Amino acid sequence: MALCAPVSVWALAMPSLLLEAAAQGMVLYMASNFLLAPAPTCLATISDEFAREPAACGTATGEEKPIEDISDISIDKINNLMFGNASSS
């Protein structure tokens, strides 16, 4: 009686083990990304030291520009556009 398993068992076992290892690797990769990202309540997700207000971007106030300078939109403006005035409802 042979002590090792027949080759046909390993023909099914190895692909399933590799598939399971790949699935666990993806789950661990996503979990590590969640652990390294800042919390949703952290203010660093809203603004950082590189954020620019629209008024701080312009070089001259009376100068006409066809395209506005690149700047960040404040969270107040975003909330007002998305949700409107909360006191009116």
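Glu-49 counts as exposed because its relative accessibility is 65%, where exposed denotes over 50% relative accessible area, buried under 20%, and partly exposed the range in between (1.4 Å probe, protein chains only). The model is a predicted one, in which local features need pLDDT of at least 70 and side-chain atom pairs count only at pLDDT 80 or more, whereas totals for chains, interfaces and linings use all residues. Residues are numbered from 1 along each chain as its sequence is written, and side-chain values use heavy atoms, with hydrogens and water left out.

The secondary structure comprises three helices and zero strands, helices (H or I, at least four residues) and strands (E, at least two) being DSSP runs numbered from the N terminus. For pLDDT, the predictor's confidence in each residue from 0 to 100, the mean over the chain is 79, and 76% of the residues reach 70 or more. Among the elements, helix 1 has the highest mean pLDDT (93) and helix 2 the lowest (60).

Of the 89 residues of the chain, 1% count as buried.

Tyr-29, located in helix 1, counts as exposed because its relative accessibility is 55%. Together with Met-26, Val-27, Met-30 and Phe-34, Tyr-29 forms a nonpolar surface patch with about 630 Å² of accessible area. Patches are made of residues with over 30% relative accessible area and no salt bridge, like charges being joined within 9 Å and nonpolar side chains (Val, Leu, Ile, Met, Phe, Trp, Tyr) within 5 Å; a salt bridge is a side-chain nitrogen of Lys or Arg within 4 Å of a carboxyl oxygen of Asp or Glu.

Methods: Accessible areas come from the Shrake-Rupley method with a 1.4 Å probe; for residues, only the protein chains shown count as cover.
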